[in-house]
Amino acid sequence: MSMKAVEIAEKVYWVGANDYSCRSFHGYYTAHGVTYNSYLVAGDEPVLIDGVKKEFTAEQLARISSVVPPESVKHIICNHSEFDHSGSIPVLTGISGAKVHALPAGIKQLTAMYGPIDGAPVASGKPYSVGGENFTTYATPMVHWPDNAVTMYRDILFSNDAFGQHYASAHVFDTHNDMRSVTAEAKKYYANIVMPYAAQAAKALESIKALNPAIIAPSHGVVLTRFKDEILSLYERLTSGTKEDKAVVVFDSMWGHTAELAKETGETLKSRFSAVEYFDLRVDPLSDAVTETADCALLAIGSPTHYLTVLPKIAAFFNELKSLKPSVPEYMAFGSYGWGGGAVKEINETMNALGYRHSETFADVTRVF
C-alpha cells in the first residue's frame with residue numbers, strides 16, 4: 001500500500017487514514033466522510049499519538065513506514081480509548097512492543113477492551129518525557145468519554161475529539177479546504193457528539209485557550225492552523241448557549257398536509273426571527289436537524305397523527321433531544337389529522353417532559369383535512 005505521511009511541523013507527521021465513503025458515524029449522516037487522524041513525532045525514539053480504527057491499520061502502517069520503520073515506534077500516547085482511536089494499537093504494540101502512555105482512566109479502559117497492555121499512566125497537567133521528547137497530557141473528562149484527554153507537544157495541541165469534524169479530505173490542513181464546510185462539520189460534530197457535555201466542554205475550552213496552541217491537530221477532520229481561532233470561537237459560542245436569531249422547523253408528513261403547515265408556520269415565524277430553517281425528516285438527515293437545534297431560539301415540531309401519536313421519525317427526533325439535550329429556549333407544535341387527533345398533544349407532552357418551555361408568542365396549529 002503506497003500511502004505517504006504528511007509533515008505538519010518539524011519532526012511531526014500526520015499518519016492517519018481517510019474513509020471517503022463513510023456516510024454514517026454514531027448514527028449521524030457524514031456527508032464528507034470520516035478521517036481517523038494519528039500523528040507521529042519522529043524523534044530519537046518515535047512516538048505515535050493515537051491509533052486509528054482497526055480496519056484502517058494497514059493504511060496507518062503504510063504512512064508510518066514512509067517516515068520510520070513501524071517496529072521503531074516504541075511509545076504510543078493514547079488520548080482516548082474509543083475504538084476509532086485505539087483499534088490499531090494492539091497491532092502496533094505487537095509489531096514494536098511499544099509502551100502505551102495514557103491517563104489512568106485510559107489505561108483501565110484499554111485493558112478492559114484489549115486485555116493486558118504495557119501501560120504507563122500519566123498525570124494530568126504534569127509534563128513527562130517520552131522518547132526524548134517532552135509532552136503534557138490534560139484530562140478533558142466527558143468530552144466525550146471519561147478518559148478523554150488532549151496532549152500538548154511544543155506548540156501543537158493534539159486535541160483528539162475536541163474540535164473534530166467528520167470531513168475527509170486529500171488535504172490535511174485547514175488552509176487547503178473549504179472552511180465554510182469544515183466549520184459546518186465542526187458544529188455538526190459538536191451537536192451530535194459533544195453537546196450533552198456542554199459544561200465539561202466549556203471547562204476544557206478555557207484550559208485549552210490558556211495553552212495558546214499554534215496548531216490544533218484533532219483526531220477527526222483537518223489540522224487547524226490559520227483558522228483555529230474560528231473553531232475555538234464556534235465552541236465558545238456553542239458551549240455558552242448563545243443563540244442565533246433563528247427558528248428551526250422540524251416535521252414529517254404523510255399526505256402533504258403537515259408539510260403545508262410547516263411552510264405556513266415558517267412564514268409566521270419570519271415575523272419575529274431573521275432566519276427560519278426547515279428540516280423535512282422524510283428526506284433530511286435527522287442529525288442535520290439536531291445540529292441546528294444547538295443554537296436556535298425556537299423549535300417548531302410538526303407531525304400528522306399516526307395511530308393517535310406522532311410519526312416514527314418525529315419520535316426518533318424526540319429521542320435525540322432526550323440524549324443530546326440542546327438548550328432550546330422555547331418550542332411550538334403543529335400537525336394535521338383526519339379522523340382522530342393526538343400528535344400535537346403528544347408533541348407537547350413529550351417536550352414538557354423533557355423540560356422545554358412552550359412559546360408564549362406562537363400558538364400551536366392543528367388542522368383537520
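Reply: Two strands are said to pair if DSSP finds at least two bridges between them; the strands themselves (E, at least two residues) and the helices (H or I, at least four) are DSSP runs, numbered from the N terminus. This is a predicted model, in which local features need pLDDT of at least 70 and side-chain atom pairs count only at pLDDT 80 or more, while totals for chains, interfaces and linings use all residues. Residues are numbered from 1 along each chain as its sequence is written, and side-chain values use heavy atoms, with hydrogens and water left out.

The account may begin with E1. Three bridges connect E1 with strand E2 (residues 12-14), and the two run antiparallel. Within this pair, Val 6 lies opposite Trp 14 of E2. The two strands make a hairpin with two residues between them, and Lys 11 in the turn has a positive phi of about 70°. Most residues other than glycine have a negative phi.

One of the residues concerned is Val 41, whose bridge partner in E8 is Val 47.

Asn 160, which is not a glycine, has a phi near 50°. Asn 160 belongs to strand E15 (residues 156-160) and is buried, at 0% relative accessibility; buried means under 20% relative accessible area, exposed over 50%, and partly exposed in between, with a 1.4 Å probe and protein chains only. Tyr 307, likewise not a glycine, has a positive phi of about 55°. Tyr 307 sits in the loop between strand E19 (298-302) and helix H10 (312-324) and is exposed, with a relative accessible area of 67%.

From Val 143 to His 144 the bond is cis, with omega near 15°, and His 144 lies in the loop that links strand E13 (133-139) with strand E14 (149-153). Most peptide bonds are trans.

The cysteines complete the picture. Across the whole structure, the search finds zero disulfides, a disulfide being a pair of cysteine sulfur atoms within 2.5 Å. Cys 22 is buried at a relative accessible area of 11%, and Cys 296 is buried at 0%. The C-alpha atom of Cys 296 is separated by 9.6 Å from that of Gly 241, although the two residues are 55 apart along the chain. Gly 241 is located in the loop between helix H7 (228-240) and strand E17 (246-251); with 26% relative accessibility, Gly 241 counts as partly exposed.
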